[in-house]
Amino acid sequence: LYMLPLGNIIRQHGINFHCYADDTQLYLSIKPDETNRLVRLQACLKDIKTWMTQNCLLLNSDKTEVVIFGPERFREKLSSYIVTLDGISLASSSTVRNLGVIFDQNLSFDSHIKQVSRTAFFHLRNIVKIRNILSQSDAEKLIHAFVTSRLDYCNSLLLGCPTYSLKSLQLIQNAAARVLTRTNSRDHISPVLASLHWLPVKFRIEFKILLLTYKALNDRAPSYLKDLIVRYFPNRALRSQTAGLLEVPRVSKSRMGGRAFSYQAPQLWNKLPVNVREADTLSTFKTRLKTFLFDKAYS
């Protein structure tokens, strides 16, 4: 409740924001010819600093980061207009960490994938050292706790990433499966993954997106996700109007539109069998969805 006035200050300047326990993020959509909107951001930061000073709080400018997402030629133009805070220039960062995920300016998530790979392999090497004294079930619990959990954390952000970007994450899962089952490195890994009932990384990402879509359609997701999907209603009477399809918006794939949830979610949803889309409970949907993706992955 003590931080509520901070939100009111930011809203007065027409800037979007997210507040977390120890972090506040401001974000603003700007076109290359709208550099004057940065003045609004500067005024907002000034008012925030004033309010924090009045309430015996400190706005640490050394820990304040700015990142610009968009085409490189536009980033270079906007970088010269980066705001200053209390006389200190806020240089544009190439990467920022957001709830444990590393965002880069191209939204390629290459830095995040590399970090996940390093951490996962570190834990996997430690598990290998004690694998001989672990039972199958205990080893699987360790792998899920230290390796698989990292592959699944916020993996929906990786939807639409090129195959070569996801390859390193798939190598982690392959290595984890070999450690768990003591499979030789020369043996084919797909039968091993199938025997463990593990979906490959690509399909785990699709599972997460489709699960969020189901929740959004059934009022179990935040409003900002529900607002991104629209049910399909044809202009004239067709059988597809009762098939539970979603409307696929037109986007610019040459930019980032092809990776947006509002585009990818309807694309994946419309490809699901009717019996999966029409599941009446969340647990039934999960079971049918995993069966569908499992058959698709290992058919």
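**Exercise 1. Find which residues line the second largest cavity, and sort them by class.**

Step 1. Start with the lining: H112, V116, R150, L151, Y153, L158 and L169 surround the second largest cavity. A cavity here is a set of points on a 1 Å grid over the protein atoms alone where a 1.4 Å probe fits but cannot get out, and lining residues have an atom within 4 Å of a point.

Step 2. Look at where they come from: helix 4 (110–130) and helix 5 (136–152) are the elements that give two or more residues to this lining. Helices are DSSP runs of H or I with at least four residues, strands are E runs of at least two, and both are numbered from the N terminus.

Step 3. Sort by class, and you get five nonpolar, one polar and one charged. Ala, Val, Leu, Ile, Met, Phe, Trp, Tyr, Cys and Pro count as nonpolar, Asp, Glu, Lys and Arg as charged, and the others, Gly among them, as polar.

Step 4. Its volume is about 30 Å³, taken as the space filled by probe spheres set on the points, which are joined across faces, edges and corners.

A word on the model: it is predicted, so local features need pLDDT of at least 70 and side-chain atom pairs count only at pLDDT 80 or more, while totals for chains, interfaces and linings use all residues. Residues are numbered from 1 along each chain as its sequence is written, and side-chain values use heavy atoms, with hydrogens and water left out.

**Exercise 2. Work out which helix gives the most to the lining of the largest cavity.**

Step 1. List the lining: E206, L210, L268, K271, L272, F292, L293 and K296.

Step 2. Two elements give two or more residues, helix 8 (201–217) and helix 12 (282–298).

Step 3. The cavity's volume is about 40 Å³.

**Exercise 3. Decide how the rings of Y214 and F285 are arranged, and what the pair ties together.**

Step 1. Rings of Phe, Tyr and Trp (its six-membered ring) pair if their centres lie within 6.5 Å; planes under 30 degrees apart are stacked, over 60 edge-to-face, the rest tilted.

Step 2. The centres of Y214 and F285 are 4.3 Å apart and the planes sit at 15°, so this pair is stacked.

Step 3. Y214 is in helix 8 and F285 in helix 12, so the pair ties together parts 71 residues apart in sequence.

Step 4. Both Y214 and F285 are buried (under 20% relative accessible area with a 1.4 Å probe, protein chains only; exposed is over 50%, partly exposed in between).

Conventions:
1 Å grid on protein atoms, 1.4 Å probe; cavity = no way out; pocket = protein on both sides within 12 Å on 5 of 7 lines; lining within 4 Å.
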